[in-house]
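Please read the following account alongside the sequence and the coordinates.

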Amino acid sequence: MFDGMMSLLVKEYKSGEISPALREKCGRAAGSVGIATNLFLFLIKLAAGLISHSVAILADAVNNLSDSGSSIIMLVGFRLAGKPADKEHPFGHARIEYLCGVIVSFIVLFLGVELGKTSVEKIVSPQSTEFGPAALVILAISVCIKLWQCAFYLSVGKRMGSVALTATASDSRNDVISTLVVLVGALLTKFTNLHLDGWLGLAVAAFIVVSGIRLVMETANPLLGTAPDQELVKAIYAKIRSYPGIIGIHDLTVHSYGEGRCFASVHCEVPAEEDILVSHDLIDNIERDFLQEENIHLVIHLDPVVTSDPKAEALRAQVLERVKAVYSQAAIHDFRVVWGVTHSNILFDVAVPFSLSDSDEAIRGRLVQEIEKLDPNYRTVLTVDREGVVNEMES
């Protein structure tokens, strides 16, 4: 149903590739639908609230008016997010969509607080309410429209992978619950003579405030920078490993600047004995393939690793065994040995998960002591890295 409707508004919706241009068109279409439906709901609820003298219905009407404002913000946001990169914003403007999600979340929070204040006033100074059949029918229609609206935003938001549309869908779901509470209160008032208008408004306000706080946290996460999707990390590691000549991978970092704008950097180990021009050509090919095939702007740091020293390779295996004995999830990389007469220097990085509670200093101390058990003449210099997916690395 929603696909058909969106296809009428945006011809490329069903079959088109999700591009910045398509996201902008779909965002503008969804925003226009939201503006029209919320304005309609505001007008009919305003009439119902004035007729019945219900603060809960009037508050619900104002909530729908603010939803129209949220839809306008979303419409403008998608338009700005579709702007190409420029001198001031070399990574594009797609994160404006995240900002719109945060703004909508704060609007939800603000309205919850205002509704709570109005409801307290109604509790302190109660007024009689008269819920006629027209008001009840309007509330029932409102619930149906908001249910449709929530499903519409969820469908389009899932197709576009949009944080802003998902936040707006949650707002519509909150409206369904708040209107249902108002409707139940109206029925109780009509058939039992209990005046619960203010109390029900306060209950709705509390729910909206809690939902607003959660929405703010959820929509702000992409701006703060979240860990990349685990499946994406695994896919990147697997693809890089598929190239002959890559003997190790570590320090993968993924940055998202909005849907379809993914930037990543990683360190790839190659044999130090290989011609540098050959290794450089390999790295160039990998970076080009990722951009063309995965739409990921990948930058690779080349780490040469000596593979022709059997003694160093044997020591590396022993060190890894010691590291694993202390921290089973750890991995090591950039392993080097400087052999000496009186002592030898062992240099490497150890990667551990963020979930490990030990401090970097504690990790360093324990591993140095463990490696010195191999030979007191070893001097260990190690750097601790915190990695999101350590087990996917080459050890």
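**Sheet and helix packing**

Ile 249 stands opposite Cys 268 in strand 2. The model that holds this pair of residues is a predicted one. Strand 2 covers residues 262-271 and pairs with strand 1 in the antiparallel sense, over seven bridges.

These two strands belong to an open sheet of three, ordered 1-2-3, in which the pairing is mixed. Strand 1 (248-256) and strand 3 (296-305) are the edge strands, each of them pairing on one side only. From one strand to the next, the twist averages 15°. In general, the strands of a sheet pair through backbone hydrogen bonds, in either the parallel or the antiparallel sense.

Helix 9, made up of residues 276-294, lies across strand 2 and strand 3. The direction of helix 9 is at about 160° to that of strand 3.

The remaining part of this account concerns two helices. Two packed helices are described by the angle between their axes and by the distance between the axes. For helix 5 (residues 133-160) and helix 6 (residues 163-192), the axes come within 8 Å and cross at roughly 165°. Angles over 145 degrees count as roughly antiparallel, and helix 5 and helix 6 are therefore roughly antiparallel to each other. Their crossing is left-handed. Sorted by class, the residues in the contact of helix 5 with helix 6 are 17 nonpolar, six polar and four charged.

Conventions: Residues numbered from 1 in each chain as written. Predicted model: local features only at pLDDT ≥ 70, side-chain atom pairs only at ≥ 80, totals over all residues. Heavy atoms only, no water. Pairing = 2+ DSSP bridges. Helix = DSSP H or I, 4+ residues; strand = E, 2+ residues; numbered from the N terminus. Axes fitted to C-alpha atoms, helices over the stretch in contact; angles between N-to-C directions. Contact = heavy atoms within 4.5 Å. Parallel < 35°, antiparallel > 145°, perpendicular 65-115°, else oblique. Left-handed = near helix turned anticlockwise from the far one by under 90°. Nonpolar A, V, L, I, M, F, W, Y, C, P; charged D, E, K, R; others polar.
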